[in-house]
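These are my notebook entries on one structure, set down in the order in which I looked things up.

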Amino acid sequence: MTNIKLIASDLDHTLLNSKSGVNEFTKEVLNQAMDNGILFVPCSARTSNLIPTWFRENKKIKYLVTSNGAVVVDNITQEQLLVNAIHADDAIKMLDVVDDINPYWTIDCKGYLYSNRKVLRDHEKIGVTGDYYADIQKTRIFIDDCREVLEGEGNIVRKIHFVTDNQEMKEELRKKLEQFSFLRITSSHPKNFEITDPHATKGDAIAFIIKREWLKKEDTIAFGDNDNDIEMFKNVGHGYAVEVSTKGLQEVAYQVIGKCEDEALAHFVNDNILQK
């Protein structure tokens with residue numbers, strides 16, 4: 001691997017540690033890679049403001065892929081270079097259609113995450129406990145009706161996700177939403193059922209960056225752990241899944257590497273790219 005020009009990586013459960021931070025060895029490896037002229041692109045389901053500070057403040061990092069690929073941000077100027085989103089009116093219709101099945105939604109709109117207050121009220125019932133519960137208390141704005149933030153001219157939604165790990169409920173949601181042909185269904189977490197614009201994928205975002213930078217697909221690699229990384233793997237030369245990753249991702253991966261907690265990504269980059 002002597003000609004890698006771009007490394008794309010998911011964050012949670014792929015690169016970040018258990019405290020959602022970046023370990024020192026990983027920082028050293030990524031900084032060295034960027035010093036060597038390699039683009040490092042963080043790709044996350046998180047909104048821009050929830051990307052860990054180390055990435056946002058590191059101006060060696062040129063691009064941030066956020067909201068599952070719905071937005072590509074210039075990390076130097078903060079300009080949104082690419083936005084693929086759902087119109088707010090359509091989001092309201094979708095949430096109304098499935099309200100009787102699952103009212104535990106979160107919408108990514110205006111740069112913030114807005115959650116139905118029922119998520120907070122019924123958190124134990126729906127399995128939102130421990131660190132997950134602590135996280136949503138810090139990162140969400142709770143509302144009673146999606147119209148509180150969606151109504152108004154020009155509003156768009158980058159992502160909608162529902163809390164459920166029930167496969168039957170996921171299938172019921174899928175069937176109800178079939179009438180909306182313009183959406184894409186994915187997941188970045190075992191408890192999430194997520195809806196985005198059909199072009200709001202990490203794969204589309206990385207393809208946009210590759211084209212913008214005049215790179216060759218074969219000179220790019222990606223790392224991930226979940227099904228929302230599948231399209232990203234398909235749009236780079238080789239995709240590498242961490243050891244604890246979904247079956248679907250492993251099926252399209254070029255190789256399964258070690259564990260996230262052992263800094264498998266950093267060791268792989270160091271051993272196979274920097275030391276070659």
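**Entry 1: helix α8 and what follows**

I began at the end of helix α8, which is followed by Trp214, a residue with a positive phi near 55°. The model is a predicted one, in which local features need pLDDT of at least 70 and side-chain atom pairs count only at pLDDT 80 or more, while totals for chains, interfaces and linings use all residues. Residues are numbered from 1 along each chain as its sequence is written, and side-chain values use heavy atoms, with hydrogens and water left out. I took helices (H or I, at least four residues) and strands (E, at least two) as DSSP runs, numbered from the N terminus.

Which residues of α8 are buried? In this helix, residues 202-212, I listed Lys202, Gly203, Ala205, Ile206, Ile209 and Ile210. They lie on the same side of α8, because they cover an arc of only 160° around the axis. For buried I used under 20% relative accessible area, for exposed over 50%, and for partly exposed the range in between (1.4 Å probe, protein chains only). The arc is that of the directions from the helix axis to the C-beta atoms. I noted the general rule that an α-helix has 3.6 residues a turn, so residues three or four places apart point the same way.

Arg212 also belongs to helix α8. I found Arg212 partly exposed, at a relative accessible area of 41%. Setting aside residues up to four places away in sequence, Arg212 touches Tyr63 and Leu81, where contact means heavy atoms within 4.5 Å. The side chains of Arg212 and Tyr63 make a polar contact at 3.1 Å. A polar contact is a pair of N or O atoms within 3.5 Å; within protein, one must be able to donate a hydrogen and the other to accept it, and residues adjacent in sequence count only if both atoms are side-chain atoms.

**Entry 2: helix α3**

I next looked up helix α3, residues 88-97, whose buried residues are Ala88, Ala91, Ile92, Met94 and Leu95. Their arc around the axis is only 165°, which puts them on the same side of α3. I recorded that these buried residues pack against several elements, among them β7 (105-109), α6 (147-150) and β11.

Val119 sits in helix α4, residues 117-121. It counts as buried, with 1% relative accessibility. Beyond its neighbours within four places in sequence, Val119 is in contact with Tyr104, Trp105, Ile126 and Ile136. I noted that Val119 and Trp105 are 14 residues apart in sequence and 7.5 Å apart in space, C-alpha to C-alpha.

Asn58 lies in the loop between α2 (53-57) and β3 (63-66). With a relative accessible area of 10%, Asn58 is buried. A polar atom of the Asn58 side chain lies 3.0 Å from the backbone nitrogen of Lys60. Residues up to four places away not being counted, Asn58 touches Asn31, Met34 and Asn75.

**Entry 3: positive phi in loops**

Ser67, in the loop between β3 and β4 (71-74), has a positive phi near 50° although it is a residue other than glycine.

Lys110 is not a glycine either, and has a positive phi of about 60°. The place of Lys110 is the loop between β7 and β8 (112-116). Lys110 is partly exposed, with a relative accessible area of 44%.

**Entry 4: the largest pocket**

How many residues line the largest pocket? I recorded 39, of which Asp12, His13, Ser20, Arg46 and His189 lie nearest its centre. On a 1 Å grid over the protein atoms alone, a pocket is an open set of points with protein on both sides within 12 Å along at least five of seven lines, a cavity is a set where a 1.4 Å probe fits but cannot get out, and lining residues have an atom within 4 Å of a point. The volume of this pocket is about 1300 Å³, taken as the space filled by probe spheres set on the points, which are joined across faces, edges and corners. Helix α5 supplies the largest share of the lining, 6 residues.

**Entry 5: the cavity**

Finally, I found 1 cavity of 30 Å³ or more, and the largest cavity has a volume of about 40 Å³. Helix α11 (residues 264-274) gives the most to its lining, with 3 residues.
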